[in-house]
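The entries follow in the order of my look-ups.

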Amino acid sequence: VGTRKNSTDYNIVHAVAGSTLPGNLGRLFAGYYAGNSKALVNGDGESENTGWILAWNSPIIMEKWVLAADYASGDNLVGGGGIGIYYFVPKDVSLLAGPVWFNDKTINGSWKMTFQLDINL
């Protein structure tokens, strides 16, 4: 939810489809996103409000540890990728840690580390 018109109201919608890969190769997801053309801009202020999404994840140890990677195209605030490892405490609560990087460094800077707590309701 954005709090400033055409600044933080990205209004991103996306569609993603996925499939389990054969063997123990994990799951692969692909999709497309679009958002507010006035808020999703590149470092030069030009509209960059659409792109594609690609993601993969695979359990490492009995669904407790999961390796994951994702990427979003676009030289905008959401464009970039990351690699991380999830640890599921119970099945609906996980901790994630890993590096993330961005397509347009003028907006987000260099790579960073993310630490997340995810709770599925």
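**Aromatic pairs**

I counted three aromatic pairs, where rings of Phe, Tyr and Trp (its six-membered ring) pair if their centres lie within 6.5 Å, and planes under 30 degrees apart count as stacked, over 60 as edge-to-face and the rest as tilted. For W65 and Y87 I noted ring centres 4.6 Å apart and planes at 45°, so this pair is tilted. I placed W65 in strand β4 (residues 65-72) and Y87 in strand β5, so the pair ties together parts that are 22 residues apart in sequence. Strands here are DSSP runs (E, at least two residues), numbered from the N terminus.

I then looked up Y86 and F88: their ring centres are 5.9 Å apart and their planes at 25°, so the pair is stacked.

**Accessibility**

I took buried as under 20% relative accessible area, exposed as over 50% and partly exposed as in between (1.4 Å probe, protein chains only). W65, at 34%, is partly exposed, and Y87, at 29%, is partly exposed. Y86 is partly exposed at 21%, whereas F88 is buried at 17%.

**Sheet**

I traced an open sheet of seven strands in the order β1-β2-β3-β4-β5-β6-β7, with antiparallel pairing; two strands pair if DSSP finds at least two bridges between them. The edge strands are β1 (13-20) and β7 (112-119). Seven bridges join β5 (residues 80-88) to β6 (residues 93-102), and I85 has A97 in β6 as its bridge partner.

**Basis**

The model is predicted; local features need pLDDT of at least 70 and side-chain atom pairs count only at pLDDT 80 or more, while totals for chains, interfaces and linings use all residues. Residues are numbered from 1 along each chain as its sequence is written, and side-chain values use heavy atoms, with hydrogens and water left out.

Definitions and conventions:
Helix = DSSP H or I, 4+ residues; strand = E, 2+ residues; numbered from the N terminus.
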